[in-house]
Amino acid sequence: MAQIPPPQKDAYALILQAIDGGIYRPGSRLVESELADRFGVSRTPIREALQRLETQSLLTRDGRSLIVASLDHAQTAELYAVRTELEGLAARLAARHAAEEEIAVLYEMVEADHALLHDPEALARANRRFHHQIHLASHNRYLVQQLDLVYRSMALMARTSLAAVGRGEKALAEHASIVQAIADRDGDRAAQALKDHLSIAFVVRLKEEAASGSAARGGGVTVPRD
Ligand SMILES: [Zn+2]
């Protein structure tokens with residue numbers, strides 16, 4: 001009788017996390033054997049995970065190598081357009097369906113995130129948690145799924161707009177306005193506040209791209225988003 005193998009780590013999730021956390025940036029080459037060593041996973045699940053990530057357009061071919069994909073200018077704009085509408089909807093639904101406890105958590109998050117203003121990477125992670133909390137507060141599982149897909153592609157953005165000078169503080173003020181509108185049960189205002197927040201974030205990102213000369217070239221702060 002064959003022994004029952006130990007539970008296999010989820011290679012797909014591990015690689016995705018590594019891309020999301022900036023360990024592998026857009027343009028980085030992913031090598032099966034190195035990934036297997038790094039994560040302590042055998043090569044077959046790594047190969048399957050790489051295939052899956054390639055199918056999802058998170059990885060792309062460069063000759064015979066697999067590299068982390070990058071988003072060009074048009075893709076970034078398309079992603080923001082979808083994200084803005086879906087997150088606006090999430091805020092609108094959250095204003096209708098969020099439990100008082102969920103709103104209390106959102107308030108606490110905004111308050112606690114002020115302690116992270118000196119650390120753009122930590123702030124970017126906190127930002128993601130905040131937005132995810134709003135997604136959940138919509139109480140619409142299909143919307144949460146769609147937003148998870150959008151956020152997966154956002155892992156391919158090479159830097160956070162929260163690293164821009166003064167952006168962190170303004171972003172938190174915008175978060176506070178969103179939460180206030182949700183707490184007031186004002187769906188229109190909540191949706192608009194969230195859309196405005198993302199529109200400003202997109203403008204900041206465009207300015208940074210213009211300054212750095214390339215949408216795809218990462219560098220500096222590596223944690224994506226906002
Ligand atoms: Zn935000």
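The model is predicted, so local features need pLDDT of at least 70 and side-chain atom pairs count only at pLDDT 80 or more, while totals for chains, interfaces and linings use all residues. Residues are numbered from 1 along each chain as its sequence is written, and side-chain values use heavy atoms, with hydrogens and water left out.

Of its 226 residues, 46% count as buried, that is, under 20% relative accessible area with a 1.4 Å probe, protein chains only.

Next select Ile-15, Ile-46 and Ile-182, which touch the most other members of the 56-residue largest nonpolar core, a set of buried Ala, Val, Leu, Ile, Met, Phe, Trp, Tyr and Cys residues joined through side-chain atoms within 4.5 Å. Helix 4 (residues 73-97) gives this core its largest share, eight residues. Staying with Ile-46, and leaving aside neighbours within four places in sequence, show its contacts, among them Ala-11, Ile-15 and Phe-39, where contact means heavy atoms within 4.5 Å.

Then select Tyr-80 and Phe-202, an aromatic pair that is stacked, at 4.4 Å centre to centre and 20° between the planes; rings of Phe, Tyr and Trp (its six-membered ring) pair if their centres lie within 6.5 Å, and planes under 30 degrees apart count as stacked, over 60 as edge-to-face and the rest as tilted. Tyr-80 is in helix 4 and Phe-202 in helix 9 (residues 187-212), 122 residues apart.

Definitions and conventions. Buried < 20%, exposed > 50% of the residue type's maximum accessible area, 1.4 Å probe, protein only. Helix = DSSP H or I, 4+ residues; strand = E, 2+ residues; numbered from the N terminus.
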